[in-house]
Amino acid sequence: HAAASDLDAPVRKRIFAGYLFAGCDIGRVDVLVDLARELGLDATETKTVLDVDRYGEDVAEARRTASEAGVRTTPTLALGTHLLEGFHDEAGLRTFLGTRRPP
């Protein structure tokens with residue numbers, strides 16, 4: 001739905017940040033609608049898309065692909081063939097990503 005409005009990347013980032021940093025329950029339709037609205041998607045259309053599971057087959061395919069790549073739980077970050085599962089602090093994430101905090 002977000003990709004059709006060229007908002008795929010911002011919506012994914014907002015959902016990721018909401019889940020990891022703000023504790024948003026992204027399994028709730030109303031939470032996802034609010035996040036989508038913040039980025040300019042129409043709330044009514046977004047709710048309809050989620051309620052009727054318009055992209056259910058796409059989601060199922062994404063799950064299959066993730067499972068084949070070794071993803072067993074959320075959150076999981078993938079970097080090449082390396083996976084980082086679960087919640088980690090900033091230092092752990094930076095280590096995994098191979099970056100350091102700027103001075």
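This is a predicted model: local features need pLDDT of at least 70, side-chain atom pairs count only at pLDDT 80 or more; totals for chains, interfaces and linings use all residues.

D8 has a relative accessibility of 30% and therefore counts as partly exposed. The partner of D8 in a salt bridge is R12, with 3.0 Å between the closest N and O atoms. R12 is exposed, its relative accessible area being 57%. Both residues belong to helix α1, which covers residues 8–21, and they lie four residues apart, about one turn of the helix.

Let me turn to another helix. In helix α5, residues 90–97, E90 and R94 are also four residues apart, and so about one helical turn separates them. Their side chains meet in a salt bridge, at 2.8 Å from N to O. How exposed are these two residues? E90 counts as partly exposed, at 37% relative accessibility, and R94 likewise counts as partly exposed, at 26%.

The next pair is D30 and R28. These residues form a salt bridge in which the closest N and O atoms are 2.6 Å apart. D30 counts as partly exposed, with 38% relative accessibility; R28, at 42%, counts as partly exposed as well.

Finally, salt bridges can also be followed beyond a pair: E57, E61 and R64 are linked in a network of them. How many salt bridges does a search of the whole structure find? The search finds nine, including the bridge between D8 and R12 with which I began. Thank you for your attention.

Note on methods
Residues are numbered from 1 along each chain as its sequence is written. Side-chain values use heavy atoms; hydrogens and water are left out. A salt bridge is a side-chain nitrogen of Lys or Arg within 4 Å of a carboxyl oxygen of Asp or Glu. Helices (H or I, at least four residues) and strands (E, at least two) are DSSP runs, numbered from the N terminus. Buried means under 20% relative accessible area, exposed over 50%, partly exposed in between (1.4 Å probe, protein chains only).
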